[in-house]
Amino acid sequence: MKLDLLLRNADIITMDERRPHATSLGVWQGRIVGLDNDLDGLEAAEVLDLGGATVTPGFIDAHCHTTWFGLGLGELDVSAARGLNQLYALLEAGMAADSPAEAAATAGSGPAPDWLLATGFSQQQHGGEFPDITVLDRITGDRPLFMRHNSGHMAVVNTAALRLAGAEPASFPDPDGGVIVRDDGGRPTGLVQETAQQLVQQLILPYSSEAIEAALERATSYYAAEGITSFTEAGIGGGWIGHSPVELAAYQRAASAGRLHARAQLMPVLDVLHPLGGPHPPGAAPAGLDLGIASGFGGDFLSLGPAKVFLDGSLLGETAAVSQDYCSHGGTDNTGNTGYFQAEPEALRDKIEAAYAAGWSIAAHAIGDRAVDLAIDIISGCAAKYGPRAVPNRIEHASMTRPEQLPRLAAAGIAVTPQASFFFDGGDGMTASLGPERLGWAYRAASFLKAGVTLAGSSDRPVADGNVLRGMQAFVDRRTASGAVFGNQDERLNPLQALAAYTTGAAAATGTSGVKGSLTAGKLADFTILSGSPLSAGSIAELQVLATAVGGTFTFRTPGMQLRPSDEPAATTPYFSTATNRS
C-alpha cells in the first residue's frame, strides 16, 4: 500500500482514549490508516513535515445556520455599529450603495426585488435601545427594510415592509407564537418577534438555488479557515429559519459542484413534514418527507439529521419560556413576563409525535427551563412509545436547566448544545434578565458532563461568534464583555473537555461517532492543524488554524505549507514551520 498523505513530526491529539497521542498519521482514500508504528514500512504519495505543529480532529459545529450566515456575508452588516446614530448612518450608506438590481440578486425570487436586507443587529450594542421606526422610514422611504436581530428570534422592519405584509393597521392580529410590537396608540414600532417575522419574510422568500449555493460556498470557505470540517444546519426548508422549500437540493448541487467545503448534516424544520400514507405503528399518524425519508438518510458528506422544532424564543429577547418572571431592568418592567411557547403545548406534542412515529429524531429548540421540561416530557414519551433513534434526540441550547432536569436529560439520552459563544456579547444582558438566584442554571457545561449528558460544541452562528477556538476559550473562562464570569464559575470546562465538545461530543450528538470526532484508524481523515496545543496554550483563542482537511484533502492551507512528493530528498528543515506563520 502507498499512502495518499503522511503527516509526520506532529503533536497529534487524537481524542481517542486508547491512544491519546501520536506524532505521525497516514491517510488513504479519505480515511485514517494508522498512527506512528502502524505506518512502519509504508510510503506516501505526499509527505507533510509539520515541524511540531498540533493536529486535532476536525472541528464540528453541531448547531449553526450556514445558509443564513453565507447570505449575511453578502448583505449589509450592521454589527459594528455602536449607538443608534451609527446604525442609522450604516443604513443610509447601504441605501446609497445597494441598488435594486443588487438586492434582487441577493434576495432571490421574491416579488419585491428592492428590499434593503441587513444583518447583525442587537439592542445590546445600542444601550438596550431599538431603532425609531420614524427615523427608519425617513432613511428608507418606500423601500422595504428587513433587518434581522442577531438572535434570529426577532427583526426590525420599516413601515413599507409592514404595509406590504398588510400588518400595519392596529386591528391586524398577532400570529400564534409571535408579536408585532406596537406602542400605546397601536402603531407598530418596527419590531416583529418570533413567528411574526414570517409575515414579512414570506415576501422575500424563497431565495433562489443559485443564491443559496453561493451563500454555502462563502460560508464554508470561512469555516475551512477556522478548522471546521463538519457542521449541522439547524433548520432548512421552511418556517422563519428556512430559505427555500428546495434547500436540500441547493445543498446537493453545491456539494456536487465542489462549492461545499465541509460535511453537512441538515435539520428540516418540522413545518415541512407532512402526513404520510401507508401502514404505520399504532399511535400518531406519521408525518415526514416523501418515500419515508427520515433522520440518517444520506452519506458521510451530506445527510439528514433530526427534525427541528421551536418550542420557545430567546433569552436575549426575553421570549424564552421560563418558570419565573424575567427580572425588570433598564426601565423594562418584566412583571408577569415568563416568555411563551411557539404554539400550544399539546399541539407541539402532537406534531412532534407524528414526526417521531415516521422515524425522525427530534431536535427541540428549548431555551427556558419551562421549555426544557416540555421537551424532555415529549421526547421521553415518544422514545418510550416508538423506541430509540440511531441519530440522537437533542435539545438545542438548553440554556436554562434546573438541577433536577439534569438526571432526566441523562436518563433520556438527550444531547444538548449550549453555546459558549453567547457569553461574551450576551452574558451581561442575560445576567440582568435572569438575576442572581437562577443565574447558576444558565448555560451549564461541567454539570452536564458530570450528570452524563452528551455535550456538543456549537456556535448558533451567525447569532453569535462562530470561531471554534474562541468558543473553546469561552467554555474555559466563561468571560462576559464586562470581564465577569457568566453564571456559575464551577461550570467552566478544562481545555481537554472544551476540545472534546467540538470533536467527540459533537460527533456523539450528531450520531457520527463511528466515523468522526477522533483520529482513529478507519475513521474519516478530517483534521485541523494548529499553531500550538489547545491543551497547554496560554490562550486557546490566540492559536492559529494553519490548515484544515476533509477526507485528507485540504480545504484550507496557510501559504507556508508545502507537500513533498515521497521520492523527493528530505529537506534539512521542515517544509512547514509554525514559527513562520505566527506574525
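User: How should I read a salt bridge here, and how many salt bridges does the count come to?

Analyst: The general idea is that side chains of opposite charge can pair when their charged atoms come close. In this predicted model, the count comes to 24 salt bridges. One of them joins Asp-38 and Arg-19, whose closest N and O atoms are 2.7 Å apart. That pair links distant parts of the chain, since Asp-38 sits in the loop between strand 5 (31-35) and strand 6 (43-49), while Arg-19 sits in the loop between strand 2 (11-13) and strand 3 (21-22), 19 residues apart. Asp-38 is partly exposed, with a relative accessible area of 39%, and Arg-19 is also partly exposed, at 26%.

User: Which residues are linked with Arg-402 and Glu-404 in a network of salt bridges?

Analyst: The network links Asp-369, Asp-373, Asp-377, Arg-402, Glu-404 and Arg-408. Within this group, the side chains of Arg-402 and Glu-404 meet at 2.6 Å, taken from N to O. Arg-402 counts as buried because its relative accessible area is 14%, under the cut-off of 20%, whereas Glu-404, at 44% relative accessibility, counts as partly exposed.

User: Turning to the backbone, which peptide bonds are cis?

Analyst: Two cases can be described by the angle omega. The peptide bond from Leu-205 to Pro-206 is cis, with omega near 0°, and Pro-206 lies in the loop between helix 6 (197-201) and helix 7. A cis peptide bond also joins Arg-461 and Pro-462, where omega is about 5°. Pro-462 lies in the loop between helix 13 and helix 14, and its partner in this bond, Arg-461, is the residue that forms the salt bridge with Glu-226.

User: What is the value of phi at Ala-398, and where does Tyr-443 lie?

Analyst: Phi of Ala-398 is near 45°, which is a positive value in a residue other than glycine. Ala-398 lies in the loop between strand 22 (394-397) and helix 11 (405-412), and at 0% relative accessibility this residue counts as buried. Tyr-443 likewise has a positive phi, near 45°, and is placed in the loop between helix 12 (422-434) and helix 13. Tyr-443 is buried too, with a relative accessible area of 3%.

User: How do the axes of helix 2 and helix 4 cross, and what distance do they come within?

Analyst: Two packed helices are described by the angle between their axes and the distance between the axes. Here the axes of helix 2 (residues 84-97) and helix 4 (residues 133-140) come within 9 Å and cross at roughly 25°. Helix 2 and helix 4 are therefore roughly parallel to each other, and helix 2 passes helix 4 in a right-handed crossing. Tyr-88, Leu-91, Glu-92 and Met-95 of helix 2 make the contact with Val-135, Leu-136, Arg-138, Ile-139 and Thr-140 of helix 4.

Note on methods. Residues are numbered from 1 along each chain as its sequence is written. This is a predicted model: local features need pLDDT of at least 70, side-chain atom pairs count only at pLDDT 80 or more; totals for chains, interfaces and linings use all residues. Side-chain values use heavy atoms; hydrogens and water are left out. A salt bridge is a side-chain nitrogen of Lys or Arg within 4 Å of a carboxyl oxygen of Asp or Glu. Helices (H or I, at least four residues) and strands (E, at least two) are DSSP runs, numbered from the N terminus. Buried means under 20% relative accessible area, exposed over 50%, partly exposed in between (1.4 Å probe, protein chains only). Axes are lines fitted to C-alpha atoms, for helices over the stretch in contact, and angles run from 0 to 180 degrees between N-to-C directions. Angles under 35 degrees count as roughly parallel, over 145 as roughly antiparallel, 65 to 115 as roughly perpendicular and the rest as oblique. A crossing is left-handed if the near helix is turned anticlockwise from the far one by less than a right angle, and right-handed if clockwise. Contact means heavy atoms within 4.5 Å.
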